[in-house]
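Subject: Structure handover

Hello,

Here is the structure I promised to pass on. Please open it first, then read my notes below.

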Amino acid sequence: MSKQDSATESKAILIVENASYEYRAVRKKLISRAVRQSALGNASMTISSGDAIGIVGSSGAGKTTFARILSGQLVPSSGVVSYLGTDLQQMSNENELGFRRGVQYVFQNPRASFDPRLKLGDSLLEPLKSLKILGNHQNIIDQTLIKVGLDISMIDRFSHELSGGQLQRMAIARALVVKPKVLIADEPSSSLDVSVRAQILNLFKDLTDDEDMALILIAHDLAAVAYTTKQIVVFSAGGIVEQGSVSEVLVAPKHKATADLIDASIGI
Amino acid sequence: MSIFLFRRFLAFLVAFFLTSILIFVLVRVIGGNPATTLLGEYSTPEAVREIEIQLGLDRPIVIQYFEWIINLCSGDLGTSFRSGLEVNYLLASAIPVSISLSIGALIVAVLIGFPLGIISAVKSYRGSGTALDFFSQIGVAMPIFWSGALLSMFFGVRLGLLPTGGWVGWSENYAQSLRHLVLPSIALGIGIGSVITRFVRTAVVEVMRQDYVRTGRAFGMSEYRALFSIGLRNASLPIVTVLGNIVSHLVGGTVITETLFSMPGLSRMILDNVISRDILVVQNLVMIIVVYILIVNFIVDISYFSLDKRLRVK
Amino acid sequence: MSKDLLTVKNYSVSSGSISAVRQVDFKVSENEKLGIVGESGAGKSMLGLSLMGLLPFGWESTGSAELAGRELVSMSEKDLVGIRGRDISMVFQDSLSALNPMKKIGKQLEFAFKHAEVSRSESFDEYILTLMHSLKIDDPELSLQKYPHQLSGGQRQRILIGMAVACNPRLIVADEPTTSVDSVIQRDVLDVLISNVSRLGASLVLITHDLAVVSNYCEKIIVMYAGKIVESGPVVSVMGNPKHPYTKALIGSHISLKHIKSGMSKRLPVIPGMMPAIQAIPTGCAFKTRCGSATAACEVQPPNFLVGERTVSCWHIEDQSE
């Protein structure tokens, strides 16, 4: 995120340069080129270890598209994403395994992200196996569960036996078991209740203390992001319009989209 | 609209050519040489050769295929080798029988299926709904040859009310035609009607559970008005899809029913020609059924279009 | 002192032995905006639906709920059909599923009008267009010709508000009207809702999980927990000086920009655990298992103590000041 690329290059984990994404819209006529619509235009970001970046913007601003490009779920129409100096598009199998370990994703709806037929312990074991993580898997899982504030006995339960908040912790644990270098969370608290939301945000806030990991938190709720992260990136109409430290952005917003978001965030 | 129709029509043509190639190849591969099939195992090579020339089987296979398609499209379905009669002539008496049976069965099925399906949906939480559900299960599970036999034993043999089989042409005596149609139509229609009942029930229950039904009611729509103006209309899309499939399956049921009630329809004609090993006629008749099913699906697509107005907006 | 429009007494919503709403009492005066706050499962949505007589199969309401002198609890379906839309109406939560996907917006609005037989001086179309204007919908003629999926979430939500206010109801129940839209649009939608409620001189029951929404748009607040009202009263006093431990905790765990700007890295206090499911509500005070000040006294359900203008259902109200 830092502007002095040269100084931070050694620490940079994930670099996005001028990423754009267009999707094919439905054809309107029988014989016509498919219309291309832009979802993201020329977005760049450098993510270094220890970063805690909040991505905000109204719906349709390109936040999720950007996050999916970061995590390799989408290939940008133009631009380059590189992980530890290697372009994602030109990765060897070995490097790709490293990337898949290194970048983990937490989704909005925890209930939809667990296989209801699996015990949660097995769901947590899955990434350890498929990403070929060495070490005592049971120990890793136990430690991670304690870290996210869950009881170790939860591994014998099924997803429907847990509340939304507990399950979101479980989803975070599943992302953390492989010790990622970058953790991306897309609206992780917006499907949760008020009292539980604070618990989850506190958990993310604790995770920002980890100097070996970068956290990317995406939300439409500016207050939630500002509370949790150190830096803020504002998306609007498919591009990055403003970025800076939380206090810079909140106290002296430069772009209208930022001002709108601050304005819309009604307090008690 | 026109683009939509044009695309559907293209799909129709593609399906027509693909199935025609499939049928043509299958008949050649599995059936072997149609001339040999026709004459039997112990025919002389000379006789086979003669038939081949007569039927045009000596020419390259690609030319045979296109000739077949061109003939089909121009309405020339060839001549039955055994009887020496034109297939068109035979079809002229068989098709009305099959269509009458199909329509009769569909009417019975719709008359059973829609009302029962709707009632069973409305009463889905109550005992009567469960009872209807139970009977529709039985209806689905009951084979035609069994329900048909029961029907003809009771109404035909025991009560003597209706004929148990055979056929009288519409032009001869339409009252008699109708009487002959009743039992086969019911036999075939019960099973299909039960399937429709179950689909209508599921589709209506699903729609009535939607939030927008509650919205309608929140603005003063009564429960029954909501059922008819929202429930049935929105449930019609899945129902039409199922109806399309049912009509395709109807063809299979017609074969059994026509045989059971000894009706001289299309299925009987195919069966006769299979038995007499007139494989080129069978090929033509199967193709007719394929075209029939394709047309039904085409109509389903179009009705989809007229039911779901959203498809017209872009 | 304005007249009472809705008077709810000893009101419960239950299915067999399970209760979603348990013996609540509250009033809504004419022209008043009441906010009902609670987490999911608190019973607030079932309360709203029950007032409309739109409970899911198997659920029923007991007790008393009088709307302008007419008892809603014992009202026949036929009479309910008569008052829905005209006397009481509802703004629903998820605008995409709450609108019929197969009908144009105009047709759906038309129904909301037609049924109520509004006496109108202007032509029907003019009336709709005036309404669309008050809903702040750009290009109303075009929007009326569209299907729900062609509109944005905010536009759809405003259309739902339009349907709710179409027949000048006296009471509008809005169930989480902004949870499906993002924060920038949320304010536009709420502004439209409030301005229309005021325009009609109607009363509003705003059901939400968001304390900030209630504190900015309502005059009175009810805080629900596990089917019970734990605290109720004027927004200013309840939000400014909460008495019930749950209200305190809920306000404490709310993140606002103000809070962040002032105390930056201060950690949010959280309520441990979660609300009990309605099948497993403990006896006595339902909040006791998560409450820091719970004592043996909490084994008995506390009554609604009156503190000034508000009610608080807790045995441990330390100070009695407003």
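Start with chain B. The centres of domain 1 and domain 2 of chain B, taken over C-alpha atoms, are 35 Å apart. Domain 1 covers residues 2–73 of chain B, and domain 2 covers 91–276. Keep in mind that this is a predicted model.

**Chain B with chain C**

Now look at where chain B meets chain C. Chain B brings 25 residues to the contact, and chain C brings 29 residues. Together the two chains bury about 2,400 Å². Carbon and sulfur atoms account for 64% of that area. Which residues of chain B lose the most area to chain C? They are Arg214(B), Phe219(B) and Arg310(B). Those three together make up 30% of what the chain B side buries.

There is one salt bridge between chain B and chain C. Find Arg217(B) and Glu77(C): their side chains form a salt bridge, at 3.0 Å from N to O.

**Chain C with chain A**

Next, turn to chain C and chain A. Here the contact takes 37 residues from chain C and 31 residues from chain A. The two chains bury about 3,000 Å² between them. Of this, 64% is on carbon and sulfur atoms.

How many salt bridges link chain C and chain A? The count is one. The side chains of Arg187(C) and Asp263(A) meet in a salt bridge, 3.5 Å from N to O. Seven residue pairs are in polar contact between chain C and chain A, again with both at pLDDT 80 or more. On the chain C side, four helices each supply at least two residues: α8, α9 (211–217), α11 (245–252) and α12 (257–263). The most comes from α9(C), with six residues. The side of chain C that touches chain A divides into 18 nonpolar, eleven polar and eight charged residues.

First, go to Gln199(A). You will find Gln199(A) in helix α7 of chain A, residues 194–207. Is Gln199(A) buried or exposed? Its relative accessibility is 13%, so Gln199(A) counts as buried. Leave aside its neighbours within four places in sequence. Then Gln199(A) is in contact with Arg169(A) in its own chain, and with Val270(C), Ile271(C), Pro272(C) and Gly273(C) in chain C.

Then go to Val189(C). This residue lies in helix α8 of chain C, residues 183–200. Val189(C) has a relative accessible area of 1%, so Val189(C) is buried. What does Val189(C) contact, beyond four places in sequence? Its partners are Gly154(C), Gln157(C), Arg158(C), Ile161(C), Pro177(C) and Thr178(C). Also check Leu135(C). In sequence, Val189(C) and Leu135(C) are 54 residues apart. In space, 8.6 Å separate them, C-alpha to C-alpha.

That is the handover. Send me any questions.

Best wishes

Definitions and conventions: Residues are numbered from 1 along each chain as its sequence is written. Chains are lettered from A and ligands numbered from 1 in the order in which they are written. This is a predicted model: local features need pLDDT of at least 70, side-chain atom pairs count only at pLDDT 80 or more; totals for chains, interfaces and linings use all residues. Side-chain values use heavy atoms; hydrogens and water are left out. Contact means heavy atoms within 4.5 Å. Buried area is the accessible area (1.4 Å probe) that two parts lose on being put together, summed over both. A salt bridge is a side-chain nitrogen of Lys or Arg within 4 Å of a carboxyl oxygen of Asp or Glu. Domain bounds come from an automatic or database domain assignment. Buried means under 20% relative accessible area, exposed over 50%, partly exposed in between (1.4 Å probe, protein chains only). A polar contact is a pair of N or O atoms within 3.5 Å; within protein, one must be able to donate a hydrogen and the other to accept it, and residues adjacent in sequence count only if both atoms are side-chain atoms. Ala, Val, Leu, Ile, Met, Phe, Trp, Tyr, Cys and Pro count as nonpolar, Asp, Glu, Lys and Arg as charged, and the others, Gly among them, as polar.
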